Amino acid sequence: MLKNYLLIAWRNLKTNKVFSFINISGLAIGLATCLLILLYVKDELSFDRYNEKADRIYRVDGDLKFAGNHFVLAVAPEPMGAAMKKDYPEVEQEVRFRGYGGMLVRKGQQNIQEDKVVYTDSTLFSVFTFPMIQGDPAHALTEPRSVVITERTALKYFNSTDVVGKYLVVGDTTNLKVTGVIRDVPEQSHFNYDFFISLNKSMAHWEQGDWLSNNFNTYIVLKKGADARRLEARLPQMVNKYIVPVAQAVMHVDIDQFIKSGNYVKYSLMPLTDIHLHSNKTSEIGHNGNIQYVYIFSTIAVFILLIACINFMNLSTARSAGRAKEVGVRKVLGSTRQSLIRQFLMESMLICFIALVLAVLIAISLLPFFNQLASKQLTPELFGNPWVLASLLCLTVVVGFLAGSYPALFLSAFRPVQVLKGKIAAGFKSGWLRSTLVVFQFTISVVLMVGTIVIYRQLSYIHNKNIGYNREQVLIIQNTNALGSQATAFREEVLKMNGAESATMTGYLPTATWRNDYPLFPVPTTDGSKAASMQIWSVDENYIPTLDMQMVQGRNFSKDFLTDSTGIILNESAARLLGFREAVNKDLYSLDNFPAKDLTHLHVVGVVKDFNFNSLREQVSPLAMRWRRENSRIAIKTATKNIPGLITQIENRWKVMAPSQPFNYTFMDEEFNHTYRTEQQTGRLFISFATLAILIACMGLLGLAMFTAEQRTREIGIRKVLGASVGGILGLLTRDFLKLVVLSILVASPLAWWMMNKWLQDFAYRTSISWTVFAMATGAALVTAVVTISVQAIKSAKANPVKSLRTE
């Protein structure tokens, strides 16, 4: 019986080639898209789950409101982890990460810049799962100046993994002893370091100020059966035990007044497996994803698959008149409704399994393109994963059943007497369900189109917004601190070159990751309740002119004023926070030698217009600039079209002054765009998925138009004989379809507005969703629908009416 069902199903597919092509190709595209998104979602959800203790590992996060600012942090005080292990028996182990930037590692006669560097405790391997190739995990990081490196790093520097006991030369002066080699950190990790350097500082050496600085990514692993939420509820006890006494002693904080003013210091536990998709806090040690996008793309996958299923249902029911006599004859010959349902479901399953094979081939061929769009490293081997295979088979069966169930029930319900008398009519107007499904298809397509337009408008808004500084044609030379005392001389040499207009030397650039939050006091006191917390950046007198920033009060730093060594420039937000309407010549005080209590007297020399140094998701926060030497980077404002030539000149000068140091550079506009790569990826994926959704919907629309024209062949012939024009026939065939498309636009518009308005709320600075967005989406949907329908409608309108009437 099964063989007979398959033979009949295959014969029907061969007999109706156009129907089969539209259904199989539509389902194949839908399944391929769903498969790619399934791999993406699986990859996103798998982060950090390679750790054997993943379900018991938590990161200690800070939440501080202090001195006019609110900080949501992925870091905690240096002693926090050890104190938690000491005070709470449910804490099995703890480990800290501390990043100090990159380092130069000697290879042969050259130094190589390495940025995947972290300082950590010897307890690293008791918390995280890193299989060790060489070395002893229990003692690998116990010695000072010891380092554990990854397999790829060992091969890079030694061409071997048998390197325990060998040394890496760092910065031409420091030798790090290799005490272990581990497997490369998996891509599905929220951090990806190659160098783990020993961090040795015991609890006995803690200074009071360590409790007031949040600089360490701190992880704890709980004992089996421990309740993380109960432990989290006890963390305020640690604040009262350790932080409050230090704040009172060092900062002279009146705790009652501190709390009364709405300030607080809180700590919480973030599950390790939630970090990648649920954490976007200050001082993250990697670029995390966003659970919102996982939900969005999962929904898109379901909707695209539904569109493909709807095509199948629509075309199957539209063809009901063509198969009505087959059903009638089968019933007269004794077929039961159940056997007919099985037959139609078998056809649906056959189509789905053929589509599945094509979908896998399409997905594999598109995988490199998808990886580029989504910034992933998915491989075809994933298709052999038992979990993926099982998901594919289940998905295919479910799709086959859902897509085939309604046509099977619909066709098998025909009464043989009525069918054989020719009383079954399956015209387009009678298919209310088909009309509903067409509306649903195009509603999804229009929502995706609106989403794509809004995302690209927001990206365009970000790109074109006046952010308070000029990032165009600013060349940044990295790691100029490797030049040592020659850094200033190098800058002067660069300024002599044609095309170099000005240059500033500092690591504190708006597009960089260097940040330094610190309190300032408007009065000579260390009372924390009087402090104003803000970013304090070290810059030179060339910083503001090089970046084309605008002074709104006072002046820039100048070598002509010796007192500028204690001068300070505020941004507008800092001036407002301090309550300065006229800020110039106001006095401020800083704890430069914190935790010592000596105050440095400062005076305001100017106020710079607010500029965006964080993401445009955030409002501009208070910032102050100090005139101090900081030579880690040099930003060069260029004024030449021959940028490659200028870079070559700079590199040649670098090689003369620092022949063994690597020459690295970036452009400020590239660094700025890198901040919004998630949105850029989302925009590219949205337009790809919107295109696929529209393509599949149009394939279904084309199929319906073909069957509608076929059913109205006699009517079209009579109208042409009576003098109807091609345009009139075209309008007749497209009118009903266009009504459905217009209805779908009316349904989709408020839904799309709500969804994209909610997405835009994540940005402090955002574009508006104007009527032109919906006009563009409406125009695109109508043009696409008209073109699709017209392909068949024009063909039918130009057909010879004599042949049509003779056929009827």
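Reader: How many aromatic pairs does a search of the whole structure find?

Author: The search of the whole structure gives 30 aromatic pairs, where rings of Phe, Tyr and Trp (its six-membered ring) pair if their centres lie within 6.5 Å, and planes under 30 degrees apart count as stacked, over 60 as edge-to-face and the rest as tilted. Please keep in mind that this is a predicted model, in which local features need pLDDT of at least 70, side-chain atom pairs count only at pLDDT 80 or more, and totals for chains, interfaces and linings use all residues. Residues are numbered from 1 along each chain as its sequence is written, and side-chain values use heavy atoms, with hydrogens and water left out.

Reader: OK, and what kind of pair do Phe128 and Tyr219 form?

Author: Phe128 and Tyr219 form an edge-to-face pair, with 5.2 Å from centre to centre and 75 degrees between the planes. Phe128 lies in the loop between helix 4 (124-127) and strand 8, and Tyr219 lies in strand 13 (residues 214-222), so the pair ties together parts that are 91 residues apart in sequence. Helices (H or I, at least four residues) and strands (E, at least two) are DSSP runs numbered from the N terminus.

Reader: Is Phe128 buried or exposed? And what about Tyr219, buried or exposed?

Author: Phe128 counts as buried because its relative accessibility is 2%, and Tyr219 is buried with a relative accessible area of 0%. Buried means under 20% relative accessible area, exposed over 50%, and partly exposed in between (1.4 Å probe, protein chains only).

Reader: Which residues do ring pairs link into a cluster?

Author: The cluster linked by ring pairs is made up of Tyr50, Phe97, Phe128, Phe130, Phe191, Tyr193, Phe196 and Tyr219.

Reader: Switching to charges over rings, which ring face does Lys465 lie over, and which one does Arg471 lie over?

Author: Lys465 lies over the face of Tyr765, at 4.6 Å from the ring centre, while Arg471 lies over the face of Phe672, at 3.9 Å from the ring centre. A charge sits over a ring if NZ of Lys or CZ of Arg is within 6 Å of the ring centre and within 35 degrees of the ring normal.

Reader: How many disulfides are there?

Author: The count comes to 0 disulfides, a disulfide being a pair of cysteine sulfur atoms within 2.5 Å. As for individual cysteines, Cys352 counts as buried at 1% relative accessibility, and Cys394 counts as partly exposed at 49%.

Reader: Now backbone angles: what is the phi of Asn159, and where does that residue lie?

Author: Asn159 has a phi near 60 degrees, a positive value in a residue other than glycine, and lies in the loop between helix 5 (151-158) and strand 10 (167-170). With 68% relative accessibility, Asn159 counts as exposed.

Reader: And Gln473, what is its phi?

Author: Gln473 is not a glycine either, yet has a positive phi of about 55 degrees. Gln473 is found in the loop between helix 15 (432-464) and strand 15 (474-477), and at 39% relative accessibility this residue counts as partly exposed.

Reader: One more topic, then: how far apart are Asp136 and Gly180 in sequence and in space?

Author: Asp136 and Gly180 are separated by 44 residues in sequence and by 6.8 Å in space, taken from C-alpha to C-alpha. Asp136 lies in the loop between strand 8 (132-135) and strand 9 (146-150), and at 37% relative accessibility Asp136 counts as partly exposed.
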